[in-house]
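Visitor: I am new to this structure and would like to be guided through it. May we begin with the aromatic rings and then turn to other features?

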Amino acid sequence: METARLGLFRPKGSHAEHKVSFSELFFDLVFVYAITQSAHLLIAHFTPYGVLQGMLVILAVWWVWVFTTWVTNWLDPETVPVRLMLFALMLLGMGLSISIPEAFGKHGLLFAVCYVAMQIGRTVFICMCSRKHRPDLHRGFIRMTVWFAVSGVFWLIGAFQDDTLRTLLWGLAIAIEYLSASVSFAVPGLGRSDSKEWDISGAHMAERCGLLLIIALGESLLVTGNTFAGTQWDSATITAFVSAFVTTVAMWWLYFSLSAERASDVISHSDNSGHLGRVIYTYVHLLLIIAIILVAVADEFVLAHPHGHTSIGTMVAMIGGTALYLIANILFKWLVFNGHPLSHYIGLGLLAILCVAAFHVPPVAVAVATTLILVLVAIQETVVVMRKNSH
């Protein structure tokens, strides 16, 4: 039976508690644009220092998206104020996304202002919404506001510094924010949050993160397709394109076909869904997103230079991105099902062997080998799951 609505919060005990709204999906489009921009930033500056800067941007983009997902897990996006809040965040998100290619250059201030405004503005909004109806959440979001205000100082000061100092200050800012969650937003005098108070809808959280992964995988296909369309078509580029497509399908298969729906059921029936949501959907899914971005970057490199010597950058992006995807899936399945998929460990072993062989073969051969490894992992894991289901 549906319970009464508490202000702007989702009504408990109803279908609306778990529903992903169209306004949330609309909001996600801005962040897929941000992910694409982050990939282009990495492609243009794939050096150790450039990768560091790119990862800082990706960490920031993910943090603002996942915190908004937590907020809309509690607040009802079908209400007008919450919907308007999402649209305001979308506008700031567009500014954030547009600034990413020059975030460490001329658009640093735009990036910092949009990011800080999104984090603090959204958190203050739910503070106001929860004060009367959800005092337990209200206290938690006051703590979050304090942490975001502290990190915001470093974001804004960094925006006025040169490249190196900006990177250092922004690295400190993002470290503060990630540390805040790991210590349950502890604030002197205000205590710390208890994850047991975070009575989230596990089904909603799982679907939101899953949908973002689907969109990210689809966007990587579009970027690869556009790149392929602009190349000179020959056997190598066609092979690289087909390999990129099959890799994306295999990545989808490993997550969605084998574990996503079962994981949603587990977290929905957990007595501590807040803790699982923090560990699995806040942190592990970040690794999945980074892996997808790295593989998309690798596909760009291979399509641009399918022949000749395989560069260190291509190896890191292709083999490292694929390995990270398998590691993230291992963590996901271990934390949710307490399982250790043997196929994934075998895949990591094969990727380690490929690291040695990659120095002696062209990039397109490395791409094909990586694809075959992912396909083999997906086939083996599918067989194991089918056998378990048949007993």
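Visitor: How many aromatic pairs does the count come to?

Guide: Please note that this is a predicted model. Rings of Phe, Tyr and Trp pair if their centres lie within 6.5 Å. By this rule, the count of aromatic pairs comes to 24.

Visitor: Is the aromatic pair of Phe-27 and Phe-31 stacked or tilted?

Guide: A pair of aromatic rings is described by the distance of the centres and the angle of the planes. For Phe-27 and Phe-31, the centres are 4.9 Å apart and the planes stand at 40°. Planes under 30 degrees apart count as stacked and those over 60 as edge-to-face.

Visitor: What separates Phe-27 and Phe-31 in helix H1?

Guide: Both Phe-27 and Phe-31 are buried. Helix H1 covers residues 22–44, and the two residues are 4 residues apart in it. Because of this spacing, what separates Phe-27 and Phe-31 is about one helical turn.

Visitor: Which ring does the charged end of Arg-166 sit over?

Guide: A charge sits over a ring if, among other conditions, CZ of Arg is within 6 Å of the ring centre. The charged end of Arg-166 is 5.7 Å from the centre of the ring in question, which belongs to Trp-170.

Visitor: Which residues are the closest to the centre of the second largest cavity?

Guide: The whole structure holds 5 cavities of 30 Å³ or more, and the second largest cavity has a volume of about 120 Å³. Of the 14 residues that line the second largest cavity, the closest to its centre are Ile-35, Thr-36, Ala-39, Ser-220 and Ala-296.

Visitor: How many nonpolar residues does the lining of the second largest cavity have?

Guide: H1, helix H7 (202–229) and helix H9 (273–304) each supply at least two residues of this lining. By class, the lining has 2 charged residues, 3 polar residues and, as the number asked for, 9 nonpolar residues.

Conventions. Residues numbered from 1 in each chain as written. Predicted model: local features only at pLDDT ≥ 70, side-chain atom pairs only at ≥ 80, totals over all residues. Heavy atoms only, no water. Phe/Tyr/Trp six-rings, centres within 6.5 Å; stacked < 30°, edge-to-face > 60°. Buried < 20%, exposed > 50% of the residue type's maximum accessible area, 1.4 Å probe, protein only. Lys NZ or Arg CZ within 6 Å of the ring centre and 35° of its normal. 1 Å grid on protein atoms, 1.4 Å probe; cavity = no way out; pocket = protein on both sides within 12 Å on 5 of 7 lines; lining within 4 Å. Points joined across faces, edges and corners; volume = space filled by probe spheres on them. Nonpolar A, V, L, I, M, F, W, Y, C, P; charged D, E, K, R; others polar.
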